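Please keep the sequence and the model in view while reading.

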Amino acid sequence: MKGSIYSAAVLCGAILMSGNSGWSQATPPDPNPAMNEPDKVAWQLFIQVNTKAGAAGNNAMFETWASDTDTFTMNPQFPASPAPLALRPPIIPTVGREALQESGALLPAIPPNPNLGEESRRNKATFDFIVQNNLYKVSGLRAAFGKSLSFPIDSIEVKANWLPVSDIPAFTLNRITAADVPRAFHVNTGNDGKQYALVAMHVISKLVPNWTWATFEHQLNPARCDILGCNDKFGAAQAVVPPNRQPGRGYPPCTKTAALTTMIAAAQWDTAFVNYCLKASQSDFMDNMGLDVRVGNSVTEDGFVERASCMTCHGRAGWDRNGRPTSKAGFDGGLAPLGPINPVWYWSFSANPPIFEGMPGLTRTGTSADFVWSIPFCSVDDTVTPPKPSGCVGK
């Protein structure tokens, strides 16, 4: 039997090789680049979301998409034209510290930058899914409790962090002057009339079921590769940059590879985007030896980089039958989760693992937001009169 199976395999291979000369001469195309070349796909997405939105103005494509303010309201509207930045305090540095205080744990030594602003934006496919499924309001979350949700594969979300242009020289340890900031950083205007410089960005897409995850930082960010180092196997000439022994001292420019340089040459964007670096991408919760994968941005996850995992944190995004978040941004007892999704986040059970659907005593306690934290965090509470907006929308 073994011999016949082996012979059949050899015969099949011979037929493929003889019947398709191209197969024998070239490697077949990658059927799943999002998983097999995540850093390359991260750069492709970065260029896509930052492509100029039009001939006039400085708006990148993502800046024309729906913000949380546009989405989580009683009358969601996808923007017809770009609007000024509507920034809020960063979620993780803010909520993480609240969770630590509630648990009695020590706070990070350095407080968050009070001038740092954050926004989340989503493309039309993502916006439409939220609105069509009534996921922008608490009553809709209550109705959707127990359902399995999955965004369409063309969904993309961006989380961006901004600092006032006037703060950039001090933030970068005076490695740039205020006059040079608009040439080195992507800059846009806030709804307070101030000019803001983009310092960090998360980009996620639904190209795979658990989304693709990538985080970028400006090359002048002083803590860019602190704690976890920087990892970019596609776009960085130095693929792995270890963390400095002393934090917050800055890193050399992230010199681009020839492959990325060619890709960038065709980009229609603000040329300042060439000064941004891929900090890391993430395509799984663990590596092939069972170790938890960590990815964190020195700005977006300020104070919590050591235990940062994009996938795990967002895998915690869910709501209970009352339409309320099931956790405080994923922080349990003051600690951010690492590793695979834990079934206790969504189920109650008395049995020992393995836990599986249909097992006796399994009761649903939460519904997954398909990794999108804005849904349980930002939904407007329409169960009260008048409806109450969440605290996470931009000011």
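**Core, helix and cysteines**

Phe-62 touches Val-49, Asn-50, Glu-119, Arg-121, Val-158, Ala-160, Trp-162 and Met-201, leaving aside residues up to four places away in sequence. The model is predicted.

**Nonpolar cores**

- The largest nonpolar core has 45 residues, and Phe-62 and Phe-185 touch the most other members.
- Elements that give two or more residues to this core include helix H4 (38-50), strand S3 (156-164), strand S5 (195-205) and helix H11 (258-265).
- A second, separate core of 38 residues includes Leu-100, Phe-331, Val-372 and Trp-373.

**Helix H6**

- Helix H6 covers residues 91-103, and its end C-alpha atoms are 18 Å apart, in agreement with the 18 Å that 13 residues should span at 1.5 Å a residue.
- Among the buried residues of H6 are Ile-91, Ile-92, Val-95 and Leu-100.
- The buried residues of H6 pack against strand S2 (117-122), helix H12 (310-315) and helix H13 (374-378).
- Gly-104, with a positive phi near 85 degrees, follows H6.

**Cysteines**

- The model has two disulfides.
- One of them joins Cys-225 and Cys-230, with sulfur atoms 2.0 Å apart, and this link is left-handed, with -100 degrees about the S-S bond.
- Cys-254 and Cys-277 form a disulfide with sulfur atoms 1.9 Å apart.
- The torsion about the S-S bond of Cys-254 and Cys-277 is about -75 degrees, so this disulfide is also left-handed.
- This pair links distant parts of the chain, 23 residues apart: Cys-254 lies in the loop between strand S8 (240-241) and H11, and Cys-277 in strand S9.
- Both Cys-254 and Cys-277 are buried.
- Cys-310 is in no disulfide, as the nearest cysteine sulfur, that of Cys-313, is 7.9 Å away.

Key. Residues are numbered from 1 along each chain as its sequence is written. This is a predicted model: local features need pLDDT of at least 70, side-chain atom pairs count only at pLDDT 80 or more; totals for chains, interfaces and linings use all residues. Side-chain values use heavy atoms; hydrogens and water are left out. A nonpolar core is a set of buried Ala, Val, Leu, Ile, Met, Phe, Trp, Tyr and Cys residues joined through side-chain atoms within 4.5 Å. Buried means under 20% relative accessible area, exposed over 50%, partly exposed in between (1.4 Å probe, protein chains only). Helices (H or I, at least four residues) and strands (E, at least two) are DSSP runs, numbered from the N terminus. Contact means heavy atoms within 4.5 Å. The expected span of a helix is 1.5 Å times one less than its number of residues. A disulfide is a pair of cysteine sulfur atoms within 2.5 Å.
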